[in-house]
Amino acid sequence: MTWLNHEYVWDPDAMVPSCWPSHPHLVHEIAVLADLRRRAGLALTADALEEWHRYALPAFIDRMRARLRQQCQDGGHQSWPANGRHARHQDETSRRDRAAAHGADVDTLAAPPGMADVAPAADLRRPNLQIIDGMRVDGASGAIPD
């Protein structure tokens with residue numbers, strides 16, 4: 001990151017912070033950016049390097065700025081601001097509430113007229129299609145769907 005910050009960054013807000021290993025989102029992004037740069041350096045023409053300079057690097061810097069904002073400035077690493085929200089999301093009560101809401105949504109699916117006793121509502125979301133001799137055929141009725 002020293003090379004990238006020294007060679008490509010003019011605006012201090014665009015510098016990759018020294019605490020980047022503590023930010024999983026940056027670790028993943030930097031790996032992709034580094035591999036794109038490596039591949040661009042191995043290319044036989046300048047096209048890949050031009051793409052890296054024009055698109056990959058600016059897009060990385062924009063995403064990094066948007067995600068970090070002012071969280072890790074002046075050499076100090078801040079804890080993950082979304083930690084509390086993530087913990088609540090993973091809480092067993094929240095998980096049960098989401099499962100109950102999903103179940104209620106599925107229960108509200110109405111069967112088409114005349115089909116109420118044929119299949120449960122949850123099975124009506126996906127048609128029963130099969131490919132027979134290169135033709136799509138409704139597996140339940142044998143008819144060719146429109």
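**Notebook: an aromatic cluster**

Trp3, Tyr8 and Trp52 form one aromatic cluster. I note that the model is predicted, that local features need pLDDT of at least 70 and side-chain atom pairs pLDDT 80 or more, and that totals for chains, interfaces and linings use all residues. Residues are numbered from 1 along each chain as its sequence is written, and side-chain values use heavy atoms, with hydrogens and water left out.

I searched the whole structure for aromatic pairs and found two. Trp3 and Tyr8 make an edge-to-face pair, 5.3 Å centre to centre with 70° between the planes. Rings of Phe, Tyr and Trp (its six-membered ring) pair if their centres lie within 6.5 Å; planes under 30 degrees apart count as stacked, over 60 as edge-to-face and the rest as tilted.

I then looked up Tyr8 with Trp52, which are also edge-to-face, at 5.2 Å centre to centre and 75° between the planes. This pair links distant parts of the chain, 44 residues apart: Tyr8 is in helix α1 and Trp52 in helix α3 (residues 47-68). Helices here are DSSP runs (H or I, at least four residues), numbered from the N terminus.

Which of these rings is buried? Trp52 is, with a relative accessible area of 2%. Trp3 is partly exposed at 45%, and Tyr8 is partly exposed at 27%. Buried means under 20% relative accessible area, exposed over 50%, partly exposed in between (1.4 Å probe, protein chains only).

I also checked Asn5, which lies in helix α1 (residues 2-8). Asn5 counts as buried because its relative accessibility is 12%.

Methods:
Helix = DSSP H or I, 4+ residues; strand = E, 2+ residues; numbered from the N terminus.
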